[in-house]
Amino acid sequence: MSMDTDTALTVSGLTVELPKGTDRRHAIEEIDLHVGRREILCLVGESGSGKSVTAHSVMGLLPKDQLTAVAGSIRLEGEELRHATEDRLRDLRCTRMSMIFQEPMTALNPVMSCGRQIDEVLQTHTSLDQQARTAKILDIMEQVRLPDPRRLFSSYPHQLSGGQRQRIMIAMALVLDPVLLIADEPTTALDVTTQAQILELIKDLQERHDTGVLFITHDFGVVAEIADRVAVMQWGRIVEQGTTEQVLKRPDHPYTKMLISSVPSLVPRHRETRRAAPVVLRTEELAMTYSQGGMFQSKRSVVAAQDVNIEIRRGETLGIVGESGSGKTTVARCIARLIDPTGGRIYIDDDEIARVSVGQMRSHRRRIQIVFQDPYRSLNPRRMVGASIIEGPMNFGQPRDEALARARELMGLVQLDPDALDRYPHQFSGGQRQRLCIARALAMEPELLIADEAVSALDVSVQAQVMDLLDDIRIQLDLAMLFITHDLRVAAQVCDRLAVMSAGKVVEYGDAAEIFANPSHEYTRALFSVAPGRDWTFGEFLTD
Amino acid sequence: MYGFLMRRLAATIPVLGMVALFVFLLLRMTPGDPAAVLAGDNGTPQQIAEIRETLGLNKPIPVQLGIWFSNLLQGDLGQSYFFKKDVTELILLRVEPTVALAITTLVITVLIAVPIGVIAAYRHGTWLDRCVMGFSVLGFSVPVFVVGYILIYLFAMQFKMFPVQGYKELADGFFPFIHRLILPSITLSVIYIALIARITRASVLEVLGEDYIRTAHAKGLPNRVVLLRHALRNAAVPIVTVIGIGVALLISGVVVTESVYNIPGLGRLTVDAVLGRDYPTIQAVILVFSGVYVLINFLIDLTYSFLDPRIRY
Amino acid sequence: MSDLSDLRQETAGLVDAAASADAAARKLSVWRRLARNQSVVIGGAAMAVMLLVAIMAPFLGTMDPAEINPAWRNKVPGTELTGTAADGSQGWVYRMGTDTLGRDTYSRVIYGTRVSLIVGLSVAGLSIAIGLVVGMVSGYVRWLDGIIMRVMDGLMAIPGILLAIALVSLSSAGLDTVILAITIPEMPRVVRLVRSIVLSIREEPYVEAAISVGTRLPLLLIRHVLPNTVAPLIVMGTYIVASAILVEAILSFLGVGIPPEIPTWGNIMAEGRLLFRIFPHNILFPGLFLAVTVLAVNMLGDGLRDTLDPRLEKRM
């Protein structure tokens with residue numbers, strides 16, 4: 001690991017105050033860190049830990065009315081930035097320090113061509129003429145490995161893929177060779193394949209340009225891939241700092257240990273196979289084609305899923321993994337009949353439900369329940385959570401008292417306080433809300449439980465708990481479970497069987513352990529080969 | 001692009017058809033003999049019989065509808081028995097003042113409303129913003145004829161800077177023409193400015209919260225560039241949309257303003273027609289104004305693809 | 001979701017956590033926030049005063065607004081009536097002067113408040129009631145949606161005042177006709193708003209969850225969709241009150257609205273037009289009342305929007 005004497009950024013004692021009336025006084029408190037040139041420092045933490053606030057403070061991009069740095073110093077190559085004027089900061093941005101963001105989809109101006117957006121940097125900070133600028137832009141676009149730079153130069157952001165947009169952002173950030181690059185979760189919104197490419201690109205450019213990188217992430221897989229050193233944040237403070245090897249293998253702080261042990265392993269858990277149990281769900285050539293347009297618009301149709309043949313036995317979890325746009329969520333929504341499939345059949349036990357009318361479907365509803373990704377939108381904010389849980393059973397004629405009594409039991413089952421039924425959703429955290437959604441689903445006593453990216457929006461420590469809960473419930477209630485996820489680590493931990501989807505089709509289907517050990521399809525192999533941190537085993541700590 | 005143009009143009013047909021249908025139904029739904037209504041209070045039995053013949057009022061309603069549509073498509077808007085003229089001719093005579101008034105108003109509005117909207121958004125929460133917003137609420141609240149009379153009282157009667165009322169054609173010279181248009185245009189633009197300034201402020205404010213604005217700041221661009229090149233450009237689509245929708249407001253205002261300033265345009269014609277219970281003219285004016293409104297909004301739709309490269313059809 | 005909003009959430013989440021006590025406190029805080037909003041307080045208070053004026057009109061030192069006194073035509077404000085009035089009272093002061101028929105402008109303006117408020121509130125009530133039903137149907141019954149929206153597009157293509165004028169001119173003018181004629185052009189906007197809310201809410205996971213647990217459509221609409229329309233409709237309703245009062249005044253001013261014998265602000269101004277250059281008071285006083293009332297309602301609307309649902313600014 002490179003330990004440079006030449007420092008790009010030094011932050012010491014940095015404290016940022018939150019507006020009055022909050023339960024915490026400081027967004028970040030007494031942050032000390034330094035980033036050397038030719039070094040990548042990863043700042044890791046869960047949501048709300050203050051890692052983004054730290055990054056924005058350095059750039060001077062904090063929302064002025066809400067957050068102010070009240071103490072400490074930020075030095076860029078020795079120059080103090082906390083008291084720098086707005087003009088000086090503007091001069092430094094993109095010349096000495098640059099930043100790239102999480103959402104390449106929204107971080108570029110949609111109505112300006114990509115070339116012009118990079119050109120703006122040169123126009124603002126240099127006196128180069130048009131020709132020299134264009135040459136420089138094409139050169140940096142080449143360096144970030146964009147295909148056909150001349151064409152992309154005049155393309156608009158929406159015509160590019162997410163990965164390409166992030167490359168444009170990187171090009172923009174590095175075109176003037178800054179000493180410091182701040183990358184705020186730059187790969188979180190990207191698919192795993194693209195993520196791997198971007199990580200490699202950042203690492204490569206950083207070495208070639210001698211750039212110091214402050215890399216913010218919540219993902220230990222990414223940390224393992226890219227970091228030279230790691231700083232772990234919790235509740236606005238840095239709790240541990242050290243080399244990657246040191247932090248991942250010999251963590252000191254209990255919080256760090258907990259975080260790292262929560263990272264699901266890529267090695268599937270050993271599970272008993274249940275070949276003899278009855279089949280709960282079976283699909284035959286399930287297909288869904290979305291078509292758009294009408295009288296006055298040109299018709300467009302998108303094949304979201306086709307020829308999907310899967311089955312799930314009682315007590316078994318089938319995972320569907322795939323990247324965004326692979327059709328995995330479409331399959332889940334078809335099976336839950338939230339959308340009407342355009343082809344094929346779905347059997348619950350032996351009842352065909354793909355083609356039944358809305359009225360007929362209602363009697364089958366209680367047999368299939370679904371838990372969604374976003375815990376903040378899955379519960380009606382205006383209703384007490386108890387009312388949400390008993391809504392289903394009461395729809396099917398269960399008396400209110402009985403339903404409430406059952407709801408109390410279920411609250412216990414999902415490890416929540418049974419007396420909390422008369423609270424509103426906003427009084428619960430994300431993980432708790434996801435438990436409530438599970439309770440609501442279980443109140444229907446379903447045969448099949450669908451979890452559609454149900455743990456994807458959760459922090460890693462909460463994620464581990466909800467995953468365990470789902471697994472416990474499956475065993476206790478002998479449920480069939482359909483688990484949709486983009487995360488191979490999660491899939492490895494909860495799935496008995498696995499269907500890998502790509503471009504609307506199931507490309508590989510079989511026992512999870514078998515697929516993880518010997519992926520046979522080329523796509524699956526590619527997917528596995530780019531999983532971040534695949535060479536590390538998390539949570540097995542070394543002691544000195 | 002051409003295909004898109006045709007499709008968008010085709011999409012206006014059902015709307016226009018619907019308008020024509022309403023206008024047709026309007027008369028058929030009233031109690032009494034439509035022919036007698038159309039002939040007006042002084043209609044002779046002979047005229048009534050004539051109308052009954054041309055509109056086929058003895059025939060079943062669907063046939064009447066067919067006749068009505070085919071007359072429309074031939075540009076035949078009927079006869080005004082009140083003004084004793086062809087309605088089409090009547091309307092053509094009144095177009096110039098109204099178009100002149102609308103255009104000057106539009107120019108004044110855009111020149112004032114967009115800049116103050118942008119400034120209000122940029123200085124969000126300051127006294128400047130509050131002033132703009134205050135003016136905007138006020139502009140919405142004071143009826144156009146009250147504004148008109150106050151302006152007449154002040155600038156025409158007290159300061160004698162402008163003629164009180166009346167209109168001069170462009171053919172009579174540009175100065176007298178524009179001199180008489182200034183007060184009416186300002187009157188008419190008050191509510192329109194209120195509307196556009198408000199939407200400009202809201203749109204720019206929303207865009208200022210976008211990620212790419214932060215990117216622009218992170219590039220070290222000066223505030224002015226961020227505001228105009230990045231924020232305003234992206235706020236253009238909603239602003240232009242509301243300018244289009246606001247044309248309805250403009251048309252309503254024209255009716256009142258022309259009455260206040262005694263301008264012989266389509267708005268005055270509308271009021272005179274209503275007061276004289278001249279139905280052929282009322283019908284025609286509604287059709288013309290609605291047609292213009294739909295057409296303007298169609299043109300505005302076309303500008304979207306220039307303003308925002310994501311909108312391609 | 002935007003990434004900048006992540007940063008905001010990261011901080012706002014902390015703000016929220018502190019602010020969210022229990023549900024009762026949350027409900028209370030809506031009222032408290034309303035009470036803290038200047039526009040709501042000022043607009044609401046002015047509205048309340050106008051309502052009082054309308055109800056108490058006979059007790060505010062007014063005379064019969066229809067009473068014609070040919071001897072006292074076209075008097076400027078402050079003219080004192082010497083001699084005996086028709087009701088026997090002595091020494092009447094024409095606070096706002098008289099009109100061309102010798103009627104007391106002050107009394108007419110005060111009584112005019114009644115008509116304006118009745119029109120404003122009725123139009124708002126009617127268009128929201130109709131718009132809510134039609135919008136819900138349009139948002140949930142797919143095959144009807146196309147037809148309903150085409151009809152609404154057609155209605156919205158006709159500038160509101162023209163449509164109102166045409167409707168009024170066809171039937172005998174009266175309060176009810178005017179209310180109906182103003183309601184019809186206002187209603188499509190409500191339909192569109194309700195429909196757009198329904199369409200966005202039905203995509204919410206909690207609505208899908210309700211579908212999954214077998215909640216039937218009527219219950220689904222009442223329980224999960226309808227509550228989301230309340231705040232936007234209160235705001236929109238307020239704006240409709242303002243707009244309806246204005247349109248009524250314009251119709252009366254043009255001479256096509258409520259019959260001239262009923263004192264409305266528009267009618268007073270319509271009569272005042274002819275002699276405006278000599279006696280501006282017949283335009284200025286009703287104009288002032290009209291502007292203040294509409295201003296109050298608009299301020300109330302803005303304040304309600306900012307406290308209840310700030311995203312509406314671009315929707316309307």
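Chain A and chain B touch through 29 residues of chain A and 24 residues of chain B, where contact means heavy atoms within 4.5 Å. Chain B also touches chain C, with 54 residues from chain B and 47 residues from chain C. This is a predicted model: local features need pLDDT of at least 70, side-chain atom pairs count only at pLDDT 80 or more, and totals for chains, interfaces and linings use all residues. Residues are numbered from 1 along each chain as its sequence is written, chains are lettered from A and ligands numbered from 1 in the order in which they are written, and side-chain values use heavy atoms, with hydrogens and water left out.

**Chain A with chain B**

- The two chains bury about 2,300 Å² between them, 59% of it on carbon and sulfur atoms. Buried area is the accessible area (1.4 Å probe) that two parts lose on being put together, summed over both.
- Chain A and chain B share 2 salt bridges. A salt bridge is a side-chain nitrogen of Lys or Arg within 4 Å of a carboxyl oxygen of Asp or Glu.
- One of them joins the side chains of B:K219 and A:E120, at 2.9 Å from N to O.
- There are 13 residue pairs in polar contact between chain A and chain B, both residues at pLDDT 80 or more. A polar contact is a pair of N or O atoms within 3.5 Å; within protein, one must be able to donate a hydrogen and the other to accept it, and residues adjacent in sequence count only if both atoms are side-chain atoms.
- On chain A, the helices α1 (51–59), α3 (104–107), α4 (114–125) and α7 (162–174) each supply at least two residues of the side that touches chain B. Helices (H or I, at least four residues) are DSSP runs, numbered from the N terminus.
- α4(A) gives the most to this side, with 7 residues.
- The side of chain A that touches chain B has 14 nonpolar, 10 polar and 5 charged residues. Ala, Val, Leu, Ile, Met, Phe, Trp, Tyr, Cys and Pro count as nonpolar, Asp, Glu, Lys and Arg as charged, and the others, Gly among them, as polar.

**Chain B with chain C**

- Chain B and chain C bury about 4,300 Å² between them, with 74% of it on carbon and sulfur atoms.
- The count here is 1 salt bridge. The side chains of C:D302 and B:R198 meet in a salt bridge at 2.6 Å, N to O.
- Several helices of chain B each supply at least two residues of the side that touches chain C, including α1 (2–29), α8 (174–208) and α10 (223–260).
- α10(B) gives the most to that side, with 8 residues.
- By class, the side of chain B that touches chain C has 38 nonpolar, 9 polar and 7 charged residues.
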